[in-house]
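Here are some notes to read alongside the structure. Take them in order, with the view open beside you.

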Amino acid sequence: MKYMFISKELNLTSGAGVGARMHRDTLINLVGADNVFIVDVSVQAAPLKKENYIAYGKYKNPFERIIRHIQGNVYLFSDNIIEDICSIIESQNINFVFVDDSFFGRLVKKIKTKFPRLPVVSFFHDVKAELFAIWIKRSRFIDKIDFMIGIKNEAINVKYTDKNIVLNKREDELPFKHYNIHSDFYLPVCVDRNYCYIEKKPEDPYKETGKKHILFVGTSYYPNIEGIKWFYINVFKYVRQYYDLYIVGKGLECLKDYFDDNDVYVIGFCEDLSSFYIYSDIVIAPLTDGGGMKIKTAEAFSYGKVFLGSTESLQGYYEKLDLYKENTIKEKLIFLCDTAKRYKEVLEMLKDTDVKKENPEIIDIFEEHFSPRAAKVYMKNIIDFAINDMQTPNK
């Protein structure tokens with residue numbers, strides 16, 4: 001069988017980019033690279049066509065973008081691009097299409113019109129009817145048009161796709177709110193446990209202070225910056241005699257002037273996060289804003305770390321702890337903390353605890369639900385169900 005994967009996120013460093021590459025790589029690992037045709041519709045990719053891959057590149061000028069709008073397309077597509085993708089489906093004898101977004105509506109409609117028996121599934125990185133309605137308020141006029149067209153295309157996408165996929169139960173609430181549908185599958189964030197492949201254990205990057213090491217990993221994303229500032233002011237100042245705090249991640253160098261504190265180490269960008277994870281005692285994620293599932297939470301789980309996080313940062317993860325081993329993990333190794341009082345209570349308790357730097361119970365949770373192995377199970381179920389459903393009479 002031949003599969004097609006269509007995405008605009010493959011070249012991005014954001015969480016959506018990580019998710020898109022995970023989806024692509026999982027499909028390739030499941031069915032083989034020779035059987036997957038990649039369609040990259042991102043504006044970051046240079047135009048290129050080779051075996052099992054095509055990228056169309058960015059529209060050439062604002063006039064071409066306006067033409068796409070007049071056609072009813074978002075900026076990623078022209079009618080010619082849509083026709084070309086359908087031609088590839090026919091020439092490559094594609095049997096299954098994974099659309100890695102929810103607002104490719106006119107493309108999905110065209111595919112289903114030309115190939116009504118071809119299974120097409122769509123993944124919601126987010127719900128554009130919710131997100132674009134917010135972005136419209138603060139965007140340039142040309143972008144406002146694109147967002148309005150994007151919302152219309154998402155409605156078309158929902159109508160014509162065979163199966164809708166979201167990250168988790170919370171994300172399923174938004175398609176129901178806007179389109180009165182529930183998703184058909186959950187496909188949570190899954191990441192690779194990269195440090196398994198380190199032949200030589202890296203050096204300890206932490207300074208010897210006689211204190212336990214708290215690690216915060218993120219990027220210069222507004223909720224991350226506000227979250228770590230809140231933690232410092234409302235929590236860390238009260239437990240600093242027992243802990244130091246390391247802040248690591250791309251763009252977080254911007255916080256060096258803010259944290260004028262001998263117990264706070266702002267590292268910023270780091271080529272390899274593994275050493276910081278391996279030698280940390282506790283990982284925190286005090287986030288109160290955003291959406292989806294936080295990739296850094298899955299990373300912390302993959303290293304088996306004691307984890308303190310908000311409802312937002314544990315969204316899609318915390319509920320899995322109810323499935324098994326609750327007595328050894330939930331509120332013993334992984335703690336839900338939504339208030340400064342709760343963070344201080346947990347950190348006061350952990351200061352006198354022999355905190356393990358790697359907890360096998362947490363790694364088991366990761367392997368079962370958020371690892372590449374888990375992703376293959378999710379993807380196989382999606383493919384099998386969609387294909388079998390299309391083969392059902394009267395479908």
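Is cysteine 337 buried or exposed?

1. Cysteine 337 is buried, its relative accessible area being 1%. Keep in mind throughout that this is a predicted model.

2. With a relative accessible area of 47%, cysteine 254 is partly exposed. Its closest cysteine sulfur belongs to cysteine 270, and at 16 Å that is too far for a bond. A disulfide would need the two sulfur atoms within 2.5 Å, and the count for this model is zero disulfides.

3. Now the sheet. Eight strands make up an open sheet with mixed pairing, and reading across you get S3-S4-S2-S1-S5-S6-S7-S8. The edges are taken by S3 (48–50) and S8 (185–186); each has a single partner strand, so one side of each has no neighbour in the sheet.

4. Zoom in on S5 (residues 96–99) and S6 (residues 120–123). These two run parallel and are joined by three bridges.

5. Helix H1 lies across S1 (3–7), S2 (36–40), S5 and S6, and it runs at about 170° to S1.

6. On to charges: the whole structure has 25 salt bridges. One of them pairs lysine 128 with aspartate 101, where the closest N and O atoms are 2.8 Å apart. Lysine 128 sits in helix H5 (residues 128–136) and aspartate 101 in the loop between S5 and H4, so this pair, 27 residues apart, links distant parts of the chain. Both lysine 128 and aspartate 101 are buried.

7. Arginine 170 and glutamate 171 meet through their side chains at 3.5 Å, N to O. Arginine 170 counts as partly exposed at 22% relative accessibility, while glutamate 171 counts as buried at 11%.

8. What does lysine 351 form a salt bridge with? The partner is aspartate 352, with the closest N and O atoms 2.8 Å apart. Aspartate 352 is exposed, at a relative accessible area of 62%. Finally, look for the network in which salt bridges with shared partners join Arg65, Arg140, Asp143 and Asp146.

Notes
Residues numbered from 1 in each chain as written. Predicted model: local features only at pLDDT ≥ 70, side-chain atom pairs only at ≥ 80, totals over all residues. Heavy atoms only, no water. Pairing = 2+ DSSP bridges. Helix = DSSP H or I, 4+ residues; strand = E, 2+ residues; numbered from the N terminus. Contact = heavy atoms within 4.5 Å. Axes fitted to C-alpha atoms, helices over the stretch in contact; angles between N-to-C directions. Buried < 20%, exposed > 50% of the residue type's maximum accessible area, 1.4 Å probe, protein only. Salt bridge = Lys/Arg side-chain N within 4 Å of Asp/Glu carboxyl O.
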